[in-house]
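This briefing sets out the computed features of the model shown below.

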Amino acid sequence: MSLSIKGHDYVRSDREFTDISRPLIFWNITYRCNLKCIHCYINAIQGLSRDELTTEEVLRVVDDAHELRTPLLIISGGEPLIREDITEVMKRASDYGIKVSLSTNGTLITRDWALKLKELNVQYVGISIDSPVPEIHDKIRGGVQGAWDLAIRGGIKNVMEVGIPVGIRTTVTKLNIDHAPEVVELAHRLGISRVAFYHLVPSGRGGRGGIINLLPSPEQLLRFLVRLIDTARKYPDVEVLTVDNPADGGVVASLLASSDEGEFMGKLRLVSRMGACSAGRKVMSIYPPNGDVYPCQFFNDKPMGNVRRERLTEIWLRPRVNTELVIRLRERNYGDSPCMRCPYLRYCGGCRVRAEVLNGDVWSMDPLCTMNSLLRLWRLGEVDLRPWQVRVMREFEESLGINGN
Ligand code: SF4
Ligand code: SF4
């Protein structure tokens, strides 16, 4: 789901310890939230919970995750710290040796909360910052004034002070795409070593009938990547990732490979270990209201099962609903999709959710395929490519039969 574009090649192990027998779990553990972000894919609400899993049920899910040998539980929401039993869940997971990572808006993390997270052995805290400009962040976060201050001067500061690794998460929309380099600069200034830019996947409040028109264009996304590579080179102390646009892997490998096709292929091999769509293959997602399990966080209308009725292991190994979808995701069998003819299929796969929402066909080509954008901008003369990169582009174009359109 993500790709490091740090200025040098390296491999992080956390991408490698997940596979089909040890999936990573994204767990949206509550619907409740104190903010109202306009791009929220889970349609989080303020106030009372709607039929959330009980404490007994969530603890059983952790037992099941242990049985499934999941290496990493990424706990998210809503705002996960709102759940009264969240520390019990984290403790049980840590006791089993499951790594726990927290994805939060950061506004509720007091010094005491930070110390508690440290005590619970939370390994990483990702805090959402949508813009280096407080007013833009607060607007995206649902017009909640002071949200930026609370996240930066509260959450991030407190987590850093207790020594838990912290990273910034930024969802890329038309409202903030031009500020991406400043987000990396902000991280550098604050001493934060990681920024993950999440491409907008249209689902939840950010989807059908929602803010689909905040999706940047494919060309904007390509220009964003080019600027991000320059920025990442300028701040080598900050690890920069993009998430949920699997085509970024091939594009970044191509733009980073300074010398020749051999270097490009070497970087692509790294991408194959870390990038590509992992939905239903290396990751699964559990949603809060009734415990539905999905192939990924954004596939939220195609459940594989439900933890109230089945064990997690059963759902993962023998999904009884949407079985064909899961098998095809695992086998990368997209029928007659152009992606099947793409030389980068095994490094990418495109985002299936975006393909479904924007094209009406889950197996079609990702409409925000940045490899295709690179081809188009090169055709328009906006990007200079070396002869070997031109060869790579022509091969891509001919394989798909798309003529740069
Ligand atoms: S055509 Fe499909 S598989 Fe190829 S780079 Fe684009 S989205 Fe990925
Ligand atoms: S379907 Fe899209 S959102 Fe889901 S894992 Fe694949 S790339 Fe990410």
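The model is predicted. Its chain has 14 helices and 11 strands, and 51% of its 405 residues count as buried.

**Loop backbone geometry**

- Asn121 belongs to the loop that joins α3 (111–119) to β5 (124–128). Its phi is near 65°, a positive value in a residue other than glycine.
- Arg69 likewise has a positive phi, of about 60°, although it is not a glycine. Arg69 sits in the loop between α1 (55–67) and β3, and it counts as partly exposed because it has 14 C-beta neighbours inside 10 Å.
- A cis peptide bond runs from Gly77 to Gly78, with omega near 15°. Gly78 is part of the loop between β3 (72–76) and α2 (86–95).

**Overall contacts**

- Among contacts in the chain with a separation of 6 or more, 72% are between residues 24 or more positions apart.

**Helix α6**

- The buried residues in α6 (residues 180–190) are Ala180, Val183, Val184, Leu186 and Ala187. Viewed down the helix axis, the buried residues of α6 fall within an arc of 155°, so they line one face of the helix.
- An α-helix has 3.6 residues a turn, so residues three or four places apart point the same way.
- The cover over the buried residues of α6 includes β6 (166–172), β7 (194–199), α7 and β8 (239–243).
- Gly191 follows α6 and has a positive phi, near 80°.

**Helix α13 and its packing with α7**

- In α13, the residues Thr370, Met371, Asn372, Ser373, Leu374 and Leu375 are buried. The buried residues of α13 pack against α7, α8 (248–256) and α14 (387–400).
- Helix α7 (residues 218–234) and helix α13 (residues 370–379) have axes 9 Å apart and pack at an angle of about 90°. The two helices, α7 and α13, are therefore roughly perpendicular to each other.
- On the α7 side, the contact comprises Pro218, Glu219, Leu221, Leu222 and Leu225. These meet Thr370, Asn372, Ser373, Leu374, Arg376 and Leu377 of α13. By class, this contact of α7 with α13 has 6 nonpolar, 3 polar and 2 charged residues.
- Gly381 follows α13, and its phi is positive, near 80°.

**Ligand surroundings**

- Ligand 1 has 17 residues around it, of which Cys339, Cys342, Cys348, Gly350 and Cys369 come nearest. The shell around ligand 1 divides by class into 12 nonpolar, 4 polar and 1 charged residues.
- Ligand 2 is surrounded by 13 residues, the closest being Cys277, Ala279, Cys296, Phe298 and Cys351. The shell around ligand 2 contains 10 nonpolar, 1 polar and 2 charged residues.

How values were computed:
Residues numbered from 1 in each chain as written. Chains lettered and ligands numbered in written order. Predicted model: local features only at pLDDT ≥ 70, side-chain atom pairs only at ≥ 80, totals over all residues. Near = placed C-beta within 6 Å. Nonpolar A, V, L, I, M, F, W, Y, C, P; charged D, E, K, R; others polar. Axes fitted to C-alpha atoms, helices over the stretch in contact; angles between N-to-C directions. Helix = DSSP H or I, 4+ residues; strand = E, 2+ residues; numbered from the N terminus. Parallel < 35°, antiparallel > 145°, perpendicular 65-115°, else oblique. Contact = placed C-beta atoms within 7 Å. Buried ≥ 20, exposed ≤ 12 C-beta atoms within 10 Å, placed from the backbone. Arc of directions from axis to C-beta.
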